[in-house]
Amino acid sequence: MEVGGMGVGRVITDWSDIPVELLLRVVSSLDDRTVVVASAVCCGWRDAICLGLTRISFSWCKNNMNNLVLSMAPKFRNLTGLVLRQDKPQLVDNVVETIANSCHDLEDLDLSKSFKLSDRSLYALAHGCQKLIKLNISGCSSFSDDALAYLSSYCRQLKVLNLCGCVKAASDKALKAIGYNCSQLQSLNLGWCEEVGDAGVTSLAYGCHDLRALDLCGCVLITDESVIALANNCQHLRSLDLYYCRNITDQAMYALAHIRVKNKNQMWDGVKTGDEDEDGLMSLNISQCTALTPPAVQALCDSFPALHTCPGRHSLIISGCLNLTSVRCACAFQAHHEVNTLTHHAY
């Protein structure tokens, strides 16, 4: 095999003769499993791949993930992204400790469904992976709120955090720590964390002003107090999931609508800098929030033009609220008007 150009070539007689640049270009087109196999071809390939690889997933490994990661993590020291999501729980604490001791540049880590992990893993990440920006520990039901609070005090650059189903870790105590330590947080999933209450959510609202997406699905303890705090403090909020939050009433809807009107007035008064997204809230799930009434939800819908009830664009989700079927977005009203106009002309 010969590589090169302009009449000057280099004869390749061995796998190790392949230039690093060419090897990394080839590796970039391979799936993660094949990359691991390629790294075992020879020492030259292993060194080149370990040096150039920045993201990899081991989710394809259905058995012996622990042994594989233990053998590979110390070599992949330049990783910034690592996915260890499992269909069946495999990962144990000493594997995460090895990752934390080896991959100090990690920014994106997915440990979802790691049911066997304990607080040891979070403490290890706190000390070894302080550059984390995105962390998914959804379904890790053994973590405690003390360990999560500790992690937040070291991983202060977190912007995306998925705690869905972390029923022990996601408490008001932990959320207070996150609100205090992680001011850059933009997306937080607290789905089905039933111990979360107003004290935790309001702490988030006061501390994480750049919050863009918040999932409170199934957080049955929260009330209007949480939504009002979010409305008043998180001006960049674009997505809010309140599914099955049955303590939410019209007061919360009017608070969201009011702050929208207030922000618009400030913008016209020249208070705003002009670089804010004018669409405001773009996704809202109030399914099963049965205490809400049509006038309040309609007022909210009218305030945020990006909220749609029309087919194909559902961003205002009201499933299970039979009394809200009369709520319509601007598109729906326009379509209804056009149908009536056509019917009128037909006669």
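The buried residues of helix α10 are Asp 224, Ser 226, Val 227, Ala 229, Leu 230, Ala 231 and Asn 233. Here, buried means under 20% relative accessible area, while exposed means over 50% and partly exposed lies in between (1.4 Å probe, protein chains only). Helix α10 spans residues 224-233 and is mostly covered, with seven of its 10 residues buried.

A word on the model before going further. It is predicted, so local features need pLDDT of at least 70 and side-chain atom pairs count only at pLDDT 80 or more, whereas totals for chains, interfaces and linings use all residues. Residues are numbered from 1 along each chain as its sequence is written, and side-chain values use heavy atoms, with hydrogens and water left out.

### The chain as a whole

The chain has 13 helices and 12 strands. These are DSSP runs, numbered from the N terminus: helices are H or I with at least four residues, and strands are E with at least two. Of the 347 residues in the chain, 48% are buried. Contact means heavy atoms within 4.5 Å. Among contacts in the chain with a separation of 6 or more, 77% join residues 24 or more positions apart.

### Helices that pack together

Axes are lines fitted to C-alpha atoms, for helices over the stretch in contact, and angles run from 0 to 180 degrees between N-to-C directions.

| Pair | Axes | Angle |
|---|---|---|
| α4 (residues 65-72) and α5 (residues 93-102) | within 9 Å | roughly 20 degrees |
| α5 and α6 | 8 Å apart | about 0 degrees |
| α6 (residues 119-128) and α7 (residues 145-154) | within 8 Å | roughly 10 degrees |

Angles under 35 degrees count as roughly parallel, over 145 as roughly antiparallel, 65 to 115 as roughly perpendicular and the rest as oblique. Helix α4 is therefore roughly parallel to α5, and their crossing is left-handed (the near helix is turned anticlockwise from the far one by less than a right angle; clockwise would be right-handed). Asn 66, Val 69 and Leu 70 of α4 make this contact with Asn 94, Val 95, Thr 98 and Ile 99 of α5. Sorted by class, the α4 and α5 contact holds four nonpolar, three polar and no charged residues. In this sorting, Ala, Val, Leu, Ile, Met, Phe, Trp, Tyr, Cys and Pro count as nonpolar, Asp, Glu, Lys and Arg as charged, and the others, Gly among them, as polar.

Next along, α5 is roughly parallel to α6. Asp 93, Asn 94, Val 96, Glu 97 and Ala 100 in α5 meet Arg 120, Ser 121, Ala 124, Leu 125 and Gly 128 in α6. That contact has four nonpolar, three polar and three charged residues.

Helices α6 and α7 are roughly parallel to each other too. The α6 residues that meet α7 include Leu 122, Tyr 123 and Ala 126, and those in α7 include Leu 148, Tyr 150 and Leu 151. Here the residues divide into nine nonpolar, one polar and two charged.

### Two buried loop residues

Ser 315 sits in the loop between α12 (294-303) and β12 (316-317) and is buried, at 9% relative accessible area. A polar atom of the Ser 315 side chain lies 2.9 Å from the backbone oxygen of Ala 306, and one lies 2.7 Å from the backbone nitrogen of His 308.

Cys 329 is in the loop between β12 and α13 (330-346), buried with a relative accessible area of 1%. Cys 329 and Pro 305 are 24 residues apart in sequence but 7.5 Å apart in space, C-alpha to C-alpha. Leaving aside neighbours within four places in sequence, Cys 329 is in contact with Cys 301, Leu 307, His 308, Thr 309 and Cys 310.

Notes: A polar contact is a pair of N or O atoms within 3.5 Å; within protein, one must be able to donate a hydrogen and the other to accept it, and residues adjacent in sequence count only if both atoms are side-chain atoms.
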